[in-house]
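Hi there,

Here is the structure I promised to pass on. Have a look at it first, and my notes follow below.

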Amino acid sequence: MAKQLALSLLLSVCPFILRPGANGGPAGKCGYQACPAVKPGMLNVHLVPHTHDDVGWLKTVDQYYYGGRTDTQRAGVQYILDSVIPQLQADPSKRFIYVEVAFFYRWWRQQTDRMKAVVKQLVDEGRLEFVNGGWCMNDEATTHYSSVIDQMTLGFQFLNDTFGECGRPRVAWHIDPFGHSREQASLFAQDKQNRESEREMEQVWRASANLPEPSANLFTGVLPNGYNPPRMLCWDVLCSDEPIKDDTNLDEYNVDLIVNYFNQTAHKQAKHYRTEHIIMTMGSDFHFQDANMWYKNLDKLIKYVNAAQKTGNNVNVLYSTPSCYLYQLNRANLTWSVKSDDFFPYADGPHQFWTGYFTSRPALKRYERLSNNFLQVCNQLEVLAASESRSGPFGVGDSSVLRKAMAVAQHHDAVSGTEKQHVANDYAKRLAKGWDQCEVLVSNALASLSGMKQHFIFCDKLNISVCPGIEELNEFTVTVYNPLARAVSVYVRIPVNGTDYTVYDSKASLVPSQVVAVSNFTKVLRKDHGYAVNELVFQVRSPALGFSRYSVSRKLGSPVLSTLTSSASKQQHQRTGLTIENEHIRVLFDADTGLISGIENLLKNLSLPVSQSFHWYSASTGDKESSQASGAYIFRPKQDHPFPMAKNVKTYTVQTDLFQEVYQNFSKWCSQVVRLYKDQQFVELEWTVGPIPVSDRIGKEVITRFDTPLKTEGIFYTDSNGREILKRRRDYRPTWQLNQTEPVAGNYYPVNSRIYMKDSKIQLTLLTDRSHGGSSSNDGSLELMVHRRLLHDDNRGVGEALSEPGYDGTGLVVRGKHLVFLDTVSASAELHRLQAQAEYMAPWTVIGQGQGTAYTSRPKHVAEFSALKKELPPNLHLLTLAQWDSQSFLIRLEHQFEMGESSVYSKPVTVDLANLFSAFKITSVEEMSLGFNQRKQDVSRLRWKTRPEGGHFKSVSSQKDSSEYAVVLNPMEIRTFRVHVKYL
């Protein structure tokens, strides 16, 4: 929300042609055939009645639906739908659009059969139209593409199942997110003035440089009033504009005034658009709780404006929808300009850059990312174990609870971190309930697939060495499920109280392991949440789309509850020539400061001086240039240069055969572990920040920064929602001349999974475990904001300072990881692409007490399992494997390399679906649209003529399938299939 102050927002349209006769109704009842008549030669004003209903913000989802806590905000979604439907039913000319399926789904379930029949008729006749169609209107900066696709698919599924083809959205309606990524088409508000003068408010947006035209093209437009009505024309109960008084006997009769004002407004708006059609959004946040008030005044507006046509007025007003408006633009048959970049960062003033929310609520951002990881595990195991996953020895499991909670979490005031604290708590609570249900399902599935029943423990606090129930066990198993379609090797760290253990893999081979003491950093962080004094560390290998089971037992006679002091070499303050290294990487530390001073790639003979440290920006509370303060949305530092957390740090090292660590203590509230595991090609930085002190009454925004001598010429690179990479340039916008007024905040961009910089030879890449804000403030420098605690609201509607209390009320502590790669420019993509997927689809660890007992549904115990006959090649990723209905599955495959990124992997790849899976045999394949709501062969889009692009894009060519089952994926392509199977 918080858009009343925004200069302009977006209408993003990706229309599909909808043929008549959908949903079993007569021809011409929905789709463009249902659009109202227009008058050629006149200025046609398309009035779009709508409501924007946040799926949580100032109030929780439940409070918004039922209309609770009116002292916070008068908003009740159920009343909107209750009020709109009778108005539509009474007048065939009226139209209404709706977006948030999460709310409509609730409302629908409470309706009578009679009311459902009325609504279906309205949808069939195109008078109630669903736009966007996702479970929510998702954020575009801090969301991962996997979760965006899932939440859109969930909304589409409900609409398709409920309303058939007439319920399928034809327009993407993203009017509220705060800036827009290239993964979702949109336009940026800050260059609105230039677009108005050039009449470029509507364009074709080229969403990918890797996909062939026209599949990557979306027609996109900037709305003239944000998503609000024009001034003086807001007739909602939440507005204060004068109603239309059409009794000529009244002293306050105002029809002529309103008509003249409307005509002037329409003609003024039309000057900035290219056709004889313009759009006006009539509605806003939670409008239409009393629909009669809106429609009664709109009826009068249409009546009196159109009546003036008899006296020469050339304005024609009509109820319409975004798709009907778009259809008229397409019929104009004009040639449109093309946009290719994204439009971050968003700003609504010279000192108001909306770049703080890229980092706001970092713990919630991590929890959301982990929840997506677990949801994919849950979805896959539901397919692999079939009905035995949903009902088994551990009870009834249900993946839909987490699926819906994750969909809600994608809302632009959820994962973005721009909600009130109690709402953030509610989002987390919903995710936790989803985890509970999926844990039952996963337990059932593992018991079914392995033939062994154990008491499974899901250790969701391993990052702070806490797992109640296993710390004192003498014997337990570790089952590691791998959701990737290629085998992985990772290290696990299990909290224990013993000092000596043996570990055996699925083939009963001894696995090297190490027991080390839990660090003081972690003990301080976890407080009384756990009591393990040691950690058991060993490497596990898990097969593609499957699991491996490891058996762990404490050696007889070894002490319990004893802090280990001898099995790992521990060195304090030995800085002279301090280095750690493995077969691939060496990390050097400054002998005087204790900070990282360099990284070397030993196999490539590359060396780069790197100084890494933590700093903090002092948050602005307003100054003589602007009263704008830093807040949940806005990042505005007082100074351009941050304060160093420490110039010298205390260090100690831990060295074992499996890993080496350097512990760095920057302050009482900031520490880091620099870690190198055996065989890994990256440096792991585990940072802990918080609680950020504010007793000095200064809000602080904490960054980690990497300074190098690389000659980067102001250029760095960030990902777009975890997929394609975008080139960034400091103090530059590709489509307009920038007058930079905030040199720090104005150069911050969303970093969903990675950020990197390079020269002609060397590339330094940072992978993240959640979304951050990131930048390159100087040549050769990268920074990521990891945490922020503020004392003032930024006046964007939330009405609350971003100061998270943490679980004990003293302030939030956040722990996270960054992975650092140093390699040649040509080889770097092959590293960061694969590892980024391995991070967001990480193996899932489940602990079992004892060795388990036989589970009768399986004839024998299975310690290692893979659902694939062979691994997918590294450039292919199994994005989705999920149950769709009782008869079919949803499978998404994606090519995860861009064109020209790798000489090895940026090539088309063929997959034989018939011989891919070992757990079942695919008996039929049908390719679907990405959102799974239309057969691919039925997709028919409006086509737009575009101007020549001047060589902006790579030459895109693609290979075709050789058969029904042998499918080809070209660089960055995602393909979606409905399959029927026979279990083997």
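This is a predicted model: local features need pLDDT of at least 70, side-chain atom pairs count only at pLDDT 80 or more; totals for chains, interfaces and linings use all residues.

Let me start with a strand pair: strand E2 (residues 43-49) and E8 pair in the parallel sense over six bridges.

Residues are numbered from 1 along each chain as its sequence is written, and side-chain values use heavy atoms, with hydrogens and water left out.

**The sheet and its helices**

E2 and E8 belong to an open sheet of three strands, in the order E8-E2-E9 with parallel pairing. Strand E8 (277-282) and strand E9 (315-319) are the edge strands, each pairing on one side only. From one strand to the next, the twist averages 25° (axes are lines fitted to C-alpha atoms, for helices over the stretch in contact, and angles run from 0 to 180 degrees between N-to-C directions).

Helix H7 (residues 255-270) lies across E2, E8 and E9, running at about 120° to E8. Helix H9 (residues 322-331) also packs on the sheet, touching E2 and E8, and its direction makes about 170° with that of E8. Contact means heavy atoms within 4.5 Å.

The structure holds five disulfides, each a pair of cysteine sulfur atoms within 2.5 Å. In one of them, the sulfur atoms of Cys-35 and Cys-324 are 2.1 Å apart. The torsion about the S-S bond of Cys-35 and Cys-324 is about -90°, so this disulfide is left-handed. The pair links distant parts of the chain, 289 residues apart: Cys-35 sits in the loop between strand E1 (10-13) and E2, and Cys-324 in helix H9.

**The cavity lining**

Lining residues have an atom within 4 Å of a point on a 1 Å grid over the protein atoms alone; a cavity is a set of such points where a 1.4 Å probe fits but cannot get out. The residues lining the largest cavity include His-144, Arg-366, Asp-769 and Glu-839. H15 gives the largest share of this lining, three residues.

Enjoy exploring!

Technical notes: On a 1 Å grid over the protein atoms alone, a cavity is a set of points where a 1.4 Å probe fits but cannot get out, and a pocket is an open set with protein on both sides within 12 Å along at least five of seven lines; lining residues have an atom within 4 Å of a point. Helices (H or I, at least four residues) and strands (E, at least two) are DSSP runs, numbered from the N terminus. Two strands pair if DSSP finds at least two bridges between them.
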